[in-house]
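Trainee: Can you take me through this one? I would like to start with the core.
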Amino acid sequence: MRCNIYKEQLRSAELFGKPVLYTEKQVQRESVPEDWHCYDLSGSGRDPDKPSALEDKTAWNRIATVLSPVPLKRETTLTRQIKNSFSLHEELLDLAGFCEKHHLESPSDPRKFILRPASSKEAGLFYSQMEPEEDAAAGTIGHVRLDFGNGRLHHSWWPHNDNRFNTPEFKAALQEFVDELRVRGPLQSDAAMRRWCYGYPEGEIAREQVGFIAETEDYRFCLRCTTMTGDYSYLYCYDLNQQSLEMDAQATEEGMTMGGMS
C-alpha cells in the first residue's frame with residue numbers, strides 16, 4: 001500500500017535527534033515536497049522487525065519509511081546505521097500538523113499531474129478506437145508513440161478526429177505533462193518506466209503493459225507503459241469537454257428519437 005502524505009496521518013517519531021514522520025506504507029518519491037527528504041528503514045537478519053539502518057530506498061528487509069524536513073545522512077552515504085537513535089511515538093500527525101508543531105512552512109505537492117494505476121475497465125482508453133464515431137464520442141485528440149532508443153526518449157504524434165481538437169491550449173498542457181513525467185515520472189528513462197510498472201501491478205492492462213491515468217479539468221492523459229526493453233509505449237489524450245458535448249448531443253438525439261416513437 002502507498003501513503004498519501006498530504007492527506008493521511010503518519011506517526012510522529014524521532015531519528016538521530018530530529019523529528020520525523022513515520023509510516024509503514026510505501027511513499028512515492030515523486031510526491032515528496034521540494035527540500036524534504038524521504039528514507040526507508042530496514043531491519044537486520046538478526047532482528048528483521050527492528051529498524052537498524054536508514055537508506056534512500058530499499059527492497060530488502062524494509063520496515064517503514066520516514067519523511068524528514070532535514071537530511072539524515074550524506075548524499076554519498078548509502079546506508080547509515082541507526083543503533084539506538086530511533087524512537088516511535090503514538091502521536092498521529094498529517095504533514096500540515098507536523099509543520100505547524102515544529103514551526104515549519106507547510107509544503108505543497110510538487111506534482112501538477114498525479115498518475116494513478118488504471119483499472120481493468122479502463123483498458124480500452126489505452127488503445128485506438130476502430131470506428132470514427134467511437135473516437136469522436138471519446139473526444140480523442142490523438143496519441144503519442146514513445147520509445148527510449150539509444151537511451152533517449154523519442155516520440156511521434158498520431159492525430160485523431162482529423163486533428164481538430166489539437167488546440168494550442170492542449171499542446172501546452174501536453175508539453176507540461178510530458179516535461180513533468182520526464183523529471184519525476186516513468187518517462188525519465190527505460191529503467192524508470194520498468195520500476196513504475198513493477199511498482200503498480202494493479203494497473204496491468206495487458207501482458208507486460210501497465211496503464212496510468214492523469215486528469216485535469218479539461219484533459220485525460222492515459223499512459224501505456226511497457227516492461228519490455230525496445231518496445232513502444234503510448235500516450236492517449238482525450239478532450240473531456242468535447243467528450244461531454246458528444247454525450248449531451250447523443251442524449252438529445254436519443255430523446256428526440258424516443259419522442260418520435262411515442
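Mentor: A definition comes before that. A nonpolar core is a set of buried Ala, Val, Leu, Ile, Met, Phe, Trp, Tyr and Cys residues joined through side-chain atoms within 4.5 Å. Keep in mind that this is a predicted model.

Trainee: OK. How many residues has the largest nonpolar core, and which have the most contacts inside it?
Mentor: The largest nonpolar core has 28 residues. Those with the most contacts inside it are Leu-174, Phe-177, Leu-187, Phe-221 and Leu-235.

Trainee: Which elements give two or more residues to this core?
Mentor: They are E11, helix H3 (168–184), helix H4 (190–199) and the strands E14 (209–215), E15 (219–226) and E16 (233–239). H3 gives the largest share, 6 residues.

Trainee: What does Leu-174 touch?
Mentor: Leaving out residues up to four places away in sequence, Leu-174 touches Val-144, Trp-157, Phe-221, Leu-235 and Cys-237.

Trainee: Back to H3. Which of its residues are buried?
Mentor: Phe-170, Ala-173, Leu-174, Phe-177, Val-178, Glu-180, Leu-181 and Arg-184 are buried in H3. Seen down the helix axis, the buried residues of H3 fall within an arc of 160 degrees, so they line one face.

Trainee: Why would they line up like that?
Mentor: An α-helix has 3.6 residues a turn, so residues three or four places apart point the same way.

Trainee: And what is on the face turned away?
Mentor: That face of H3 carries the exposed residues Pro-168 and Val-183. On the buried side, what covers H3 includes E11, strand E12 (154–159), H4, E14, E15 and E16.

Trainee: Changing topic: how many aromatic pairs are there?
Mentor: A search of the whole structure finds 13. One of them is Phe-170 with Phe-221, a stacked pair with 6.4 Å centre to centre and 20 degrees between the planes. Phe-170 lies in helix H3 and Phe-221 in strand E15, so the pair ties together parts that are 51 residues apart in sequence.

Trainee: Are Phe-170 and Phe-221 buried or exposed?
Mentor: Phe-170 and Phe-221 are both buried. Ring pairs also link these two with Phe-113, Trp-157, Phe-177 and Tyr-219 into a cluster.

Trainee: Last one, Thr-140. Where is it found?
Mentor: Thr-140 is in strand E11 (residues 140–147). With a relative accessible area of 1%, Thr-140 is under the 20% cut-off, so it counts as buried.

Trainee: What does its side chain make a polar contact with?
Mentor: The side chain of Asp-135, in a polar contact of 2.9 Å with that of Thr-140.

Key: Residues are numbered from 1 along each chain as its sequence is written. This is a predicted model: local features need pLDDT of at least 70, side-chain atom pairs count only at pLDDT 80 or more; totals for chains, interfaces and linings use all residues. Side-chain values use heavy atoms; hydrogens and water are left out. Helices (H or I, at least four residues) and strands (E, at least two) are DSSP runs, numbered from the N terminus. Buried means under 20% relative accessible area, exposed over 50%, partly exposed in between (1.4 Å probe, protein chains only). A polar contact is a pair of N or O atoms within 3.5 Å; within protein, one must be able to donate a hydrogen and the other to accept it, and residues adjacent in sequence count only if both atoms are side-chain atoms. Contact means heavy atoms within 4.5 Å. The arc is that of the directions from the helix axis to the C-beta atoms. Rings of Phe, Tyr and Trp (its six-membered ring) pair if their centres lie within 6.5 Å; planes under 30 degrees apart count as stacked, over 60 as edge-to-face and the rest as tilted.
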